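Here is a short tour of a protein model, written for someone meeting it for the first time. Keep the 3D view open while you read.

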Amino acid sequence: MNAFLTREQSASYAEFQEFAAANVEPFAGEWDRAQKIPDSAVSLLGQAGYLGACIPSEYGGKGWDVVTFGLLNEALGRSDSAFTGILTVQSMVSTAVLKWGTDEQRRKWLPPLAKGELIGAFALTEPGVGSDIQSLTTGFKPSDRDGGLILSGEKKWITCGQFAGLFLVFGKLDQKPLACLVPRNSAGLEIEPIQDLMGFRAAGLARLRFNDVAIPSASVIGKPGFGLSHVAPVGLQFGRISTACSALGLLRGCFEESTSYAASRRIGENRVGDLGMIQSLIARMGADLEAAKLLCWSACRAEDEHHHETFTRTFIAKYFTSQAAVRAASDAVQVWGASGCHESSPVARYYRGAKIMEIIEGTTQVHEVILGKGFVQAAIRKQLAQRREASS
Amino acid sequence: MTNDTNQVNETVRNFINNSINIDGLGDDENLFETGIVNSLFAVQLMTFVERSFGIEIGMEDLDVENFKSVSATAAFIRRKSPDKAAEAAVRKERETNP
């Protein structure tokens, strides 16, 4: 992988791995069992500046390129995908505010997000609306006073909802999609923790109820009508990059834990890794890991270059890597045998967490619809161009 | 129509033609009303415009009128940054006739 990175990116990656080894890896199992990440651990992310990875330095962030952001997610994802989920949603909220916020909104919200004094959460999914975001039922209506809005509705499966201080909420105003920022302490906002997920258990998911919450006009991000076409896609793009790279870290974890186990565990005179069936599992894991790395770095680089194919490349990276992580986690448990079925092993947590990577920021099936349709449309366009050329 | 106007229109037209599946799209045809673009098209067009013409699209530019057609998008680019539009036209001209 280092061949694709600059010296600075490689140095940053080494720093991220050290951070994860010291501050995440030893505690990830404990956090998973407690279904909670301690405030002190979240604070460490802020102190390291990682929560401001995507925020320019003029707002107190690191202003890193997207490849470096991807490396950060990969390094932390190796240790704990739930912990990495904080980075995911922080980047989703930050980039949406950065892109579509007013100068005043950027100056107000980005510095505390960059320092980690404020944790963001992306409130899009509803109890009855997942992949089909055009069907949102959360609604805004004009307020009788001060030109603001009143927000009513419910959101569900909101990552970091249990402890976030700021929510980027999507709904509709007269059928026009709209996004706005809602601080945690807003009157009328109820937050209900969601417990007992199969994986990603420490990511603090919550259900949100907005009971006539007053929204000042200064909290609207973008303009009415552009919430789903422009504001959400900017955040979701970073959400998918973060999730793809986090899944890549999980995949690397499965590979490293499997090869290490296979090299040391003995069955009679042989090592586990001497068995052809185990070698097959590890071969697929290793090949998937290499392929996933290339797809993830291609997606990150396309975003850095502001390439118009950045969305497609990110869909491909997330689609492939999350599925490869699920395969690898299943195979890693197989390599570890009974030991892998116990919660004391890292691969048991990987197994439960990997499946979540296939669901969040767009399910595998949604990716298939978008990518499959896109590839066929590209072929149609090619045929149209050939016809035009032939007739000219 | 000036040279840079032609070049900006052509650049935008090529991008849009490469993103949709109909032949013979008119420069004034409304992209969003006819339903010929998918849900990601709006941000893809934005990304393309920002990268190709070196301009930043912000909250104040969020207006369907700015991006509803080839002509509207090209006009937005010239309004937003006439110098960048002219530079892009010169660059394109050099690529075509080196």
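## Where the chains meet

How many residues does the contact take from chain B and from chain A? The contact takes 26 residues from chain B and 22 residues from chain A. Before going further, keep in mind that this is a predicted model.

Interface size is often quoted as the accessible area that is lost when the parts come together. Here, chain B and chain A bury about 2400 Å² between them, with 62% of it on carbon and sulfur atoms. On the chain B side, B:N21, B:M59 and B:L62 lose the most area to chain A, and together they make up 29% of what that side buries.

## What holds hands across the interface

Now for the charged and polar partners. Between chain B and chain A, the count is 2 salt bridges. In one of them, the side chains of B:E50 and A:K99 meet at 2.3 Å, N to O. There are also 7 residue pairs in polar contact across the interface of chain B and chain A, both residues being at pLDDT 80 or more.

Which elements give two or more residues to the side of chain B that touches chain A? They are α1 and α2 of chain B. The largest share of that side comes from α2(B), with 8 residues.

Over all chains, the structure holds 13 aromatic pairs. Take A:W31 and A:F83: their ring centres are 5.2 Å apart and their planes sit at 35 degrees, so the pair is tilted. A:W31 belongs to helix α2 (residues 28-34) of chain A and A:F83 to helix α5 (residues 81-100) of chain A, so this pair ties together parts that are 52 residues apart in sequence. Are these two residues buried or exposed? A:W31 is buried, and so is A:F83.

Chain B has a pair with another geometry. The rings of B:F15 and B:F48 have their centres 4.1 Å apart and their planes at 10 degrees, so this pair is stacked. It links distant parts of the chain, with B:F15 in helix α1 (residues 3-17) of chain B and B:F48 in helix α2 (residues 41-53) of chain B, 33 residues apart. B:F15 counts as buried because its relative accessibility is 7%, and B:F48 counts as buried at 9%. Back in chain A, ring pairs also link A:F16, A:F19, A:Y50 and A:W64 into a cluster.

## Salt bridges to look for

The count comes to 25 salt bridges over all chains. One of them joins the side chains of A:E154 and A:R207, at 2.9 Å, N to O. A:E154 lies in strand β3 (residues 149-158) of chain A and A:R207 in strand β7 (residues 206-215) of chain A, so the pair ties together parts that are 53 residues apart in sequence. A:E154 counts as partly exposed, at 27% relative accessibility.

A:R252 and A:E256 show what a bridge within one helix looks like. They form a salt bridge with their closest N and O atoms 3.1 Å apart, and both lie in helix α7 (residues 227-264) of chain A, 4 residues apart, about one turn of the helix. A:R252 counts as buried at 10% relative accessibility, whereas A:E256 is partly exposed at 30%. These two also belong to a network of salt bridges that links A:E25, A:E74, A:R78, A:R252, A:E256 and A:E257.

## An arginine and a phenylalanine

A:D288 counts as buried at 11% relative accessibility, while A:R327 is partly exposed at 28%.

Leaving aside neighbours within four places in sequence, A:F140 is in contact with several residues, including A:L149, A:V169, A:C180 and A:I215.

Definitions and conventions. Residues are numbered from 1 along each chain as its sequence is written. Chains are lettered from A and ligands numbered from 1 in the order in which they are written. This is a predicted model: local features need pLDDT of at least 70, side-chain atom pairs count only at pLDDT 80 or more; totals for chains, interfaces and linings use all residues. Side-chain values use heavy atoms; hydrogens and water are left out. Rings of Phe, Tyr and Trp (its six-membered ring) pair if their centres lie within 6.5 Å; planes under 30 degrees apart count as stacked, over 60 as edge-to-face and the rest as tilted. Buried means under 20% relative accessible area, exposed over 50%, partly exposed in between (1.4 Å probe, protein chains only). Contact means heavy atoms within 4.5 Å. Buried area is the accessible area (1.4 Å probe) that two parts lose on being put together, summed over both. A salt bridge is a side-chain nitrogen of Lys or Arg within 4 Å of a carboxyl oxygen of Asp or Glu. A polar contact is a pair of N or O atoms within 3.5 Å; within protein, one must be able to donate a hydrogen and the other to accept it, and residues adjacent in sequence count only if both atoms are side-chain atoms.
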